[in-house]
Amino acid sequence: MCRLALKTANEPFSPYEVLSAMEAMQEGYDGSGLGLLLRGMEFEDFKYNPRFPILSGIAHTETAWKRVTEYMEKRGYELKYDHRFHMEPDLIEADDRFRYFLRAYRMPVAFRDQSDDIREAELLRTRLALRNLTDEVDKVTIFSFYPDVAMIKEVGWPMQIGNALCLHDGQIKSRVCMAQGRQNTNYGINLYACHPFFIQGISTMTNGENTAFVPIRDWLVGKKFSGYTGYQSDSEVFTHILHYTLKKLKLPLQAYKHIITPLNPTELAEHPQGEFLAGLRQVCKRLIIDGPNAVIGSLPDETCMLVMDQKKLRPATVGGRDGVWAIASELCGVDAMIPDRDPSLDFQPMREHTVIIPPHRKELEIWSQYDPFPLPLAA
Amino acid sequence: MVSVRSVSITPSSLTPADLPWIIEHREDRCTLCGRCTAVCPKGAIRLAHMRQRVPKLDVFNKNRGNDYRTFTGIRQETDPAKLCIGCGMCSMVCPNEAIAPVPGTNENRTAFFQNQKGEPMKRGGRRNTTGPTLLDRIMFNRISMLTDPALDAGRHEFTTTTTLGRILSPEDFLDRTLNGGWIPPSREVFPFIIGSMSFGALSPNMWLGLLQGVAYCNEVLGIPVVMGTGEGGCPPWVLRSPYLKYIILQIASGYFGWDEIIRAIPEMQCDPAAIEIKYGQGAKPGDGGLLMWYKVSKLIARLRGVPEGVDLPSPPVHQTLYSIEESVMKMIQTLSTAFQHKVPIYPKISASTSAKSVLNNLVRNPYAGGLMIDGIDGGTGAAYNVSMDATGHPIASCVRDCYLDLAAQGKQNEIPIFAAGGIGKNGNVAQNGMAMIMLGASGVHIGKYIMQAAAGCLGNEKNRCNVCNLGICPKGITSQNAKLYRRLDPDKVAERVGDVFMSINTEVKKIMAPLGRSQSLPIGMSDAISIPDKDAADRLQIRYVC
């Protein structure tokens with residue numbers, strides 16, 4: 001089973017801390033891979049401007065690497081920073097890894113004064129175009145291209161990958177770090193199938209299988225939004241549903257829970273906004289998940305969240321204190337990330353809960369589906 | 001040898017061995033009570049007086065001679081008009097197990113003569129093909145094993161309803177909620193709908209039993225079953241009752257019964273579940289309703305607004321039908337307006353290679369609440385045999401094509417597709433229905449299965465019984481003759497309707513649980529099904545297994 005860990009703190013920290021939590025949770029999983037998402041970036045050797053989008057990925061050969069750099073130049077992106085990992089290549093299982101990259105760019109002049117929507121659309125188009133530069137021999141893998149977000153995915157034991165990329169050296173720090181510890185061994189090994197998944201600043205990771213994957217994927221693909229693509233993993237749809245909820249429907253984060261695991265008709269009949277929520281359930285029927293899943297996510301404003309499937313068939317715990325919080329699929333993961341907290345205040349959400357860690361990180365918001373829905377139009 | 005001319009032989013002469021059903025009668029058990037001949041709906045058997053030779057030996061006088069005795073026994077008619085239909089009512093009423101029909105194993109010679117007076121064979125029932133259907137062969141095999149836990153059909157909470165009616169896109173829904181626009185009406189119903197069987201085709205007792213059963217399912221069992229009326233209106237007391245909400249009213253090319261319905265609108269206590277506009281049906285595509293004069297009783301005449309005892313053939317198409325863009329849209333819109341846009345309106349068509357075009361037109365019609373597609377295996381009360389057996393399109397690939405077309409447009413949640421035609425043909429109703437749902441249907445209509453399961457209809461695909469068109473239904477299901485329909489106890493039918501839907505509901509959960517699905521009906525979950533037939537798998541775009 002997958003192991004998940006998320007840490008969010010006011011003070012940037014090394015992703016290695018989260019890897020140690022993965023190590024603590026090692027019992028019961030196969031350590032077949034690692035996916036990392038860092039948000040709120042700080043580089044040791046560069047004063048990073050959080051408006052610069054960071055391109056994260058792997059060029060598997062030198063030709064592929066050239067293709068990426070040339071393409072970015074041609075598209076008008078100005079390279080501001082190129083992070084070089086101190087590598088210990090012997091620790092990497094795969095042998096076709098020419099270059100791991102985290103590169104910060106200044107956007108082309110035409111986009112400098114544009115709205116966030118237009119800039120984000122351009123970043124998405126660029127990311128998808130870069131993904132398409134791949135071919136049989138010269139592979140390119142692109143994880144994310146977005147301001148203040150970096151991603152790393154690799155096959156192998158999490159700690160081993162952390163050591164291979166020397167993540168303990170303090171070169172990279174972030175305020176939010178999400179880690180998932182398993183390649184998608186249910187299917188063929190594919191770096192794109194590794195959690196967390198990312199689209200336009202929104203990211204989620206999940207443990208468990210998504211049994212309703214195919215109908216959900218078919219519906220999302222039918223929306224004809226270019227970012228709704230990939231689907232090497234059944235869990236990628238969780239990210240895209242969150243994106244659809246927030247960016248396309250422009251609903252608040254709480255609506256996510258009402259979309260993926262809506263209340264049943266009897267519960268809706270008693271809900272203060274039952275009529276609206278019943279309508280929402282109906283129009284978003286194809287996005288209902290069945291689990292078993294715990295979905296852990298983070299948003300561009302550094303909000304972090306955790307929701308369970310409708311039957312709470314997977315575990316997950318959140319704990320921490322003012323300024324620093326951790327979410328993990330196993331309690332020992334939270335212990336490893338924040339040992340100096342009051343564990344009696346840890347919270348394990350039930351089926352109706354959405355746990356939200358707001359950007360100020362002062363306290364948790366535990367929101368129940370039975371609570372009134374925070375939206376004026378629902379009133 | 002006797003001269004051939006002295007025996008009555010015509011081109012249509014048959015012997016009992018030529019018949020599709022042969023009556024086996026044991027004279028040693030028969031008490032000559034006469035119940036079998038009285039109950040036989042076709043007059044296929046008769047009491048006959050026969051003479052038997054008895055050898056007469058006068059041993060002492062060394063004389064050999066003959067004596068004769070007469071006796072009374074049962075004989076089978078060979079006249080094509082009186083062929084045994086294998087219904088087995090004779091056997092059912094015989095106190096002594098003395099009589100039963102058995103299928104003739106010889107060639108079906110009668111097929112050549114069922115066109116007496118130039119009238120081709122007409123019957124009720126459905127396509128006479130036997131053996132497992134394509135739907136029977138579909139298996140559910142994306143089983144949750146170890147990577148995710150299977151659910152518990154008995155203990156977990158399941159949602160097994162589907163939506164009938166148009167659904168907006170999420171964007172439009174939010175926009176209209178904010179700005180006060182019209183949200184199309186929809187109903188959450190059980191995905192197994194009792195298909196449209198008209199009040200003329202079914203007997204009053206059958207109809208009453210079904211309605212009682214449906215009300216029980218809704219109000220006691222909590223299973224939101226709805227039923228269609230078919231063409232021919234609805235009893236006035238139902239129109240003005242709170243049970244109307246369980247009824248899908250049908251308007252078809254004869255418009256029978258709509259005078260009564262329109263007049264009842266101001267007095268309706270609730271809205272009907274939906275309105276179905278029938279443009280075609282699977283059993284007899286391109287043909288209209290066919291209620292024969294002997295089924296047009298006083299009650300039926302009143303409901304349909306016609307004189308008693310006249311044939312009521314509906315035209316094959318609506319007289320107003322000029323083009324789909326214009327007439328269908330107008331008809332849907334008009335009916336929607338008549339019910340103040342509070343009732344879903346959807347068309348029913350025969351499965352056809354042109355179904356996708358109809359669907360694409362409906363997608364652009366904001367008032368269309370769905371599409372019902374009826375396949376070649378659909379049943380009917382009366383049709384020409386050739387229509388039933390050879391005209392139409394199988395349902396599975398037709399619905400699959402339509403669903404994939406909708407999915408390509410991202411509209412699969414907006415226009416629900418309902419499927420009918422052969423669902424439960426061999427009794428596997430939940431399995432067949434769920435296979436259709438995973439191929440992309442939002443629900444299925446079942447008619448023949450309900451008649452068989454809830455009322456004991458004797459018809460089958462070996463052409464047993466299948467005389468619904470003649471009004472002589474031996475079980476009283478499709479007869480307007482009070483002597484016949486009094487055989488059917490509406491309470492017993494209602495009880496069976498409850499049994500059937502409770503059992504389907506459990507089987508649906510038993511299918512969903514191992515797939516790890518419970519929160520919503522697995523519509524279009526094509527990764528969960530497969531079939532041991534490569535060609536069918538390729539055609540339906542599902543997995544082939546062997």
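This is a predicted model: local features need pLDDT of at least 70, side-chain atom pairs count only at pLDDT 80 or more; totals for chains, interfaces and linings use all residues.
Among the contacts of chain B with a separation of 6 or more, 75% link residues 24 or more positions apart. The secondary structure of this chain comprises 16 helices and 21 strands. Its radius of gyration is 27 Å, close to the 24 Å given by the globule rule for 546 residues, so chain B is as compact as a globular protein of that length. Along the principal axes, the C-alpha atoms of chain B fill a box of roughly 115 × 60 × 45 Å. Of the 546 residues in chain B, 50% are buried.

The domain assignment divides chain B into domain 1 (16-119) and domain 2 (135-151 + 160-501). The C-alpha centres of domain 1 and domain 2 of chain B are separated by 42 Å. Contact between the domains involves eight residues of domain 1 of chain B and nine residues of domain 2 of chain B. On the side of domain 1 of chain B that touches domain 2 of chain B, six residues are nonpolar, two are polar and none is charged.

The largest nonpolar core contains 259 residues. The residues with the most contacts inside this core are Leu210(B), Met227(B), Ile373(B), Val399(B), Ile417(B), Ala419(B) and Met436(B). Helix α15 of chain B (residues 490-512) gives the most to the core, with nine residues. Both domain 1 (16-119) and domain 2 (135-151 + 160-501) of chain B give residues to the core, which therefore lies between them. The surroundings of Leu210(B) illustrate the packing: apart from neighbours within four places in sequence, Leu210(B) is in contact with Ile194(B), Met227(B), Ala454(B), Val493(B) and Val497(B).

Strand β2 of chain B (residues 45-58) is hardly covered, with one buried residue among its 14 residues. This strand runs antiparallel to strand β3 of chain B (residues 63-76), to which it is joined by 14 bridges. Within this pairing, Arg51(B) stands opposite Thr70(B) in β3(B). The two strands β2(B) and β3(B) form a hairpin with four residues between them, and Lys62(B) in the turn has a positive phi of about 55°.

In chain A, the secondary structure amounts to 10 helices and 16 strands. The radius of gyration of chain A is 20 Å, close to the 21 Å that the globule rule gives for 379 residues, so chain A is as compact as a globular protein of that length. The C-alpha atoms of chain A fill a box of roughly 60 × 45 × 40 Å along the principal axes. Buried residues account for 54% of the 379 residues of chain A. Of the contacts in chain A with a separation of 6 or more, 74% are between residues 24 or more positions apart.

Strand β1 of chain A (residues 4-13) is largely enclosed by the rest of the structure, because seven of its 10 residues are buried. The strand β1(A) has an antiparallel pairing with strand β8 of chain A (residues 172-180) over six bridges, in which Leu6(A) stands opposite Met178(A). A further antiparallel pairing, over five bridges, links β1(A) to strand β14 of chain A (residues 324-328). Here Ala5(A) stands opposite Ala328(A) in β14(A).

The two chains meet through contacts between 30 residues of chain A and 38 residues of chain B. On the side of chain B that touches chain A, α3 (170-179) and α11 (395-408) of chain B each supply at least two residues. The largest share of this side, six residues, comes from α3(B). By residue class, the side of chain B that touches chain A divides into 14 nonpolar, 18 polar and six charged residues.

Key:
Residues are numbered from 1 along each chain as its sequence is written. Chains are lettered from A and ligands numbered from 1 in the order in which they are written. The radius of gyration is taken over C-alpha atoms; the globule rule is 2.2 Å times the number of residues to the power 0.38. A residue is buried if 20 or more other C-beta atoms lie within 10 Å of its own, exposed if 12 or fewer, and partly exposed in between; C-beta atoms are placed from the backbone. Two residues are in contact if their C-beta atoms, placed from the backbone, lie within 7 Å. Ala, Val, Leu, Ile, Met, Phe, Trp, Tyr, Cys and Pro count as nonpolar, Asp, Glu, Lys and Arg as charged, and the others, Gly among them, as polar. A nonpolar core is a set of buried Ala, Val, Leu, Ile, Met, Phe, Trp, Tyr and Cys residues joined through C-beta atoms within 7 Å. Domain bounds come from an automatic or database domain assignment. Two strands pair if DSSP finds at least two bridges between them.
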